[in-house]
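Please look over the sequence and the model before reading the points below. This briefing goes through selected features of the structure by topic.

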Amino acid sequence: MRWLFKQQKKEGKKAETEKYLKQSQDYTHVSYINQVTNKKFTISFITTLIDESILQNDALPFLLEKPLEKIEDVKKIVAIADVQISNDENEIEQKLFNGYVLLTLESDNSNFAFLAAQKEIVRNITTPEVEFSVIGPKEAFVESLDQNINLLRKRLPVKELIKKEVTLGTISKTKVAILYLENIANPENVKTLMERIKNVEFDAITDSSYIVQLISDNKNSPFPQLLDTERPDRVAAVLAEGKIAIIVDGSPHALITPTTLVEFFSSFEDYFLNWILSSFFRLIRLFAVAFSILITPIYVATLSYHYELIPKDLLNTLVTSRREIPLPPILEALFLELTIELLREAGARLPTKVGQTIGIVGGIVIGTASVEAGLTSNVLLIIVALAALASFTTPVYKMGNAIRLLRFPFLLFAELWGLLGILICFSFLLTHLIRLTSLNRPFLDPLFPPRVTDMKDALIRLPFSKQSQRPQYMRPKFPFRHTSGTKNRNKDIDE
């Protein structure tokens, strides 16, 4: 009786699955008879997900003309490498929607075969759009998980590159791959990340950005705690440092963890340039970020509370520019800052050519009109424009958004308490960053806690010959990248 109940339950579940599938017009269910054994078999598949040429050329001719007695014979006769035999009906729905063909024999309803015949629709590999570089590789990730892993394995052709796959999303069934170098990555980091990903409960994971928000250490922080990148060369480089990469099927961006604050201001092109040039450009970016956040609040604080600190000649210029402005400095600054943000959003949401025109023409027209109308001073207009320009130097888009947001609380504190308010706001920001972690590792490393070894690739980048150790905050298994010194150096021909 118990066996009969289980059989009825199975048949009911299979019938229910087929009932839903038959409502879709791209579901096909066809029966054939083997010409040798006269065994009747049925194939079921979703036409929009399979390559029918594989089915017609590599499967059906052999299934019709070769001896087919039992379901295990399918593996022997078809010219398809990926053939799986199963008796678990729970796999039917998943396999069909992954591009497999379901084959069942009329004489054996308890077992069935899955034939791989996926239709690969993959976007061609293009140049990076967000992290474009003049020097270096010009390949970027695409939406195909297998293609992205192929790009990484070409760059790291070693057996230690481990790939673990998890399926997330009760509806989307999204494949998520975790990659790391087994002989370098800290096992504790790998274990922590795997636990967090397996504990994700969400119905549809359509992009890697969902993963960032679901597994971050502090979900209420405006700062991204996982570094996203579209460059496979960057992912390969950080894997060699002992970090872990996350690639989501359907997303052209990979995630890197653990990460630190200084990495968000390091362009990967820095490693293709001489260390002096790359260090100079990195310092310029850091200065630009500080300038972008603080220059407008300092303007408001100085004019509201500390005008005595302004040199006499400059004070005359500021007084002249603000002579007919009816608004206080804070409202004047907020008006221009919000205008800049509106232009940015309009330019980002419109088609490329129209967006560029809106950004340029809109900025010129609105800026000129606001000065002539007496709503803002020309000095503040220049300051806000320079602050907006400086914010674009941030190499990582998500960190750039966080920088844009920070200006507004600094403006509010500057209006309330002047330069003291800016200092108070900076203290709050610093406290938040000190408490922030990425995969339980300090987000401010190597600045806090200070690590001299990791400073070699932080605010500046020293030559590769000086970077003999991997980042120590991750506690890699094998900390050394190369043997330092000259004991193995061969003499030049003229020595």
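The model is predicted.

- Strand 1 (residues 27-33) and strand 2 (residues 40-46) run antiparallel and are joined by seven bridges.
- Across this pair, V30 stands opposite I43 in strand 2.
- Strand 1 and strand 2 form a hairpin with six residues between the strands, and N38 there takes a positive phi near 60 degrees.
- Strand 4 (residues 100-105) and strand 5 (residues 108-116) also run antiparallel, with six bridges between them.
- V101 has L115 in strand 5 as its bridge partner.

- Eight bridges hold the antiparallel pair of strand 6 and strand 7.
- In this pair, V166 stands opposite V176 in strand 7.
- The hairpin of strand 6 and strand 7 has five residues between the strands, and G169 has a positive phi near 95 degrees.

- Is strand 9 enclosed or open to the outside, judged by how many of its residues are buried? Five of the five residues of strand 9 are buried, so the strand is largely enclosed by the rest of the structure.
- Residues I244, I246 and V248 point one way from strand 9, while A245 and I247 point the other way; all are buried.
- Strand 7 is joined to strand 9 (residues 244-248) by four bridges, and the two run antiparallel.
- Two facing pairs can be named here: I178 stands opposite I246 in strand 9, and L179 has A245 as its bridge partner.
- Strand 9 is also joined to strand 10 (residues 254-257), by three bridges and in the antiparallel sense.
- I246 stands opposite L255 in strand 10, as well as opposite I178.
- The hairpin of strand 9 and strand 10 has five residues between the strands, and G250 in the turn has a positive phi of about 100 degrees.

**The second largest pocket**

- This pocket has a volume of about 780 Å³.
- It is lined by 25 residues, and the closest to its centre are F97, N98, E120, K175 and D249.
- Helix 6 (145-155) and strand 7 (174-181) are the elements that give two or more residues to the lining.
- The lining residues divide into eight nonpolar, eight polar and nine charged.

**Cis peptide bonds**

- The peptide bond from T257 to P258 is cis, with omega near -10 degrees.
- P258 is in the loop between strand 10 and helix 10 (275-304).
- D445 and P446 are also joined by a cis peptide bond, with omega about 5 degrees.
- P446 is in the segment after strand 12 (441-442).

- L439 has a phi near 55 degrees, which is a positive value in a residue other than glycine.
- N440, likewise not a glycine, has a positive phi near 70 degrees.
- Why does L439 count as buried? Its relative accessibility is 4%, and the cut-off for buried is under 20%.

**A buried serine**

- S377 lies in the loop between helix 13 (352-372) and helix 14 (378-391).
- S377 is buried, with a relative accessible area of 0%.
- Its side chain reaches the backbone nitrogen of L380 at 3.3 Å.

Definitions and conventions:
Residues numbered from 1 in each chain as written. Predicted model: local features only at pLDDT ≥ 70, side-chain atom pairs only at ≥ 80, totals over all residues. Heavy atoms only, no water. 1 Å grid on protein atoms, 1.4 Å probe; cavity = no way out; pocket = protein on both sides within 12 Å on 5 of 7 lines; lining within 4 Å. Points joined across faces, edges and corners; volume = space filled by probe spheres on them. Nonpolar A, V, L, I, M, F, W, Y, C, P; charged D, E, K, R; others polar. Pairing = 2+ DSSP bridges. Buried < 20%, exposed > 50% of the residue type's maximum accessible area, 1.4 Å probe, protein only. Polar contact = N/O pair within 3.5 Å; in protein donor to acceptor, adjacent residues only side chain to side chain.
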